[in-house]
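Subject: The structure, and some notes on it

Hi,

Here is the structure I promised to pass along. Please have it open while you read, as my notes follow below.

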Amino acid sequence: MRETPDELRRLQALLDTSLSRSTAHLRSIISSERTLTAGQLTGVLTGMCTLALSTVTAKGEPRISGVDGHFLHGAWHFGTARGAAKARHLAARPAASAAHLRGEDLGVFTHGTVEVLNPHGGEPAADWPDLLAYFRDFYGADAFDWDNDVVYYRLHPQWMAAFAPDPAELGEAGQLGGRAEEA
């Protein structure tokens, strides 16, 4: 878990607000007994988590693809090839949705707007050096030409919900790495 106490508070507020603004149907599925706290969520979302990432074409057609997601500091981070279709979509239309599913045991759903962390020929995000160190450690320092081959994004969540039919079971199964207390 890499989140500060302030990041955990903001994430918990986002989770609470998102669920309270959701439809009655969704709240009947993701009830308070079947959701995770910010502390639990950051404990279970460690390492690389495969995301189904949704973008939109210029014609307004939805597209979905898989990306390596890393949940760091209360937000999803992911990369792709600079020439990928999703990179073009996100450059023109930065709104995106992402879902991380682990069978029927966990579902994390996020809607938000992406920020380019390492724009080609532009000023990187202030925390890019720390994030780059994390990604180089995870993938290997020589895995990519980090300046030219890959573009990394942060998905700033504007809505997020986490579903677990039995959050305690995630912890008992050893899948909940962080503290399971309220954030």
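This is a predicted model: local features need pLDDT of at least 70, side-chain atom pairs count only at pLDDT 80 or more; totals for chains, interfaces and linings use all residues.

**The start of the chain**

Let me begin with Arg2, which sits in the segment before helix 1 (5–20). Its relative accessible area is 48%, so Arg2 counts as partly exposed. What does Arg2 contact, leaving aside its neighbours within four places in sequence? The partners are Glu7, Leu72, His73 and Tyr134.

**Salt bridges**

The structure has five salt bridges, and I will describe some of them here.

Two of them involve Asp6. Its side chain meets that of Arg9 in a salt bridge, at 3.9 Å from N to O. Both residues belong to helix 1 and are three residues apart, about one turn of the helix. Asp6 also forms a salt bridge with Arg10, and here the N to O distance is 2.3 Å. Asp6 and Arg10 are separated by about one helical turn, because they are four residues apart in helix 1. Through shared partners, salt bridges join Asp6, Arg9 and Arg10 into one network. As for accessibility, Asp6 is partly exposed at 37%, and Arg9 is partly exposed as well, at 49%.

Another salt bridge connects Asp127 and Arg154, with the closest N and O atoms 2.8 Å apart. This pair links distant parts of the chain, 27 residues apart: Asp127 is in the loop between strand 5 (106–116) and helix 5 (128–139), while Arg154 is in strand 6 (residues 150–163). Are these two residues buried or exposed? Asp127 has a relative accessibility of 26% and so counts as partly exposed. Arg154 has a relative accessible area of 12%, and since buried means under 20%, Arg154 is buried.

**Aromatic rings**

Now to the rings. A pair of aromatic rings is described by the distance of the centres and the angle of the planes. The count for this structure comes to 11 aromatic pairs, and two of them are worked through here.

The rings of Trp128 and Tyr152 have their centres 5.8 Å apart, with their planes at 40°, so this pair is tilted. Because Trp128 lies in helix 5 and Tyr152 in strand 6, the pair ties together parts that are 24 residues apart in sequence. Trp128 is buried, and Tyr152 is too.

For Tyr139 and Phe144, the ring centres are 6.1 Å apart and the planes are at 70°, so this pair is edge-to-face. Tyr139 is partly exposed, with a relative accessibility of 23%. Phe144 is also partly exposed, its relative accessible area being 32%.

Which residues form one aromatic cluster? The members are Trp128, Tyr134, Phe135, Phe138, Tyr139, Phe144, Trp146 and Tyr152. Both ring pairs described above therefore have their members in this list.

How values were computed
Residues are numbered from 1 along each chain as its sequence is written. Side-chain values use heavy atoms; hydrogens and water are left out. Helices (H or I, at least four residues) and strands (E, at least two) are DSSP runs, numbered from the N terminus. Buried means under 20% relative accessible area, exposed over 50%, partly exposed in between (1.4 Å probe, protein chains only). Contact means heavy atoms within 4.5 Å. A salt bridge is a side-chain nitrogen of Lys or Arg within 4 Å of a carboxyl oxygen of Asp or Glu. Rings of Phe, Tyr and Trp (its six-membered ring) pair if their centres lie within 6.5 Å; planes under 30 degrees apart count as stacked, over 60 as edge-to-face and the rest as tilted.
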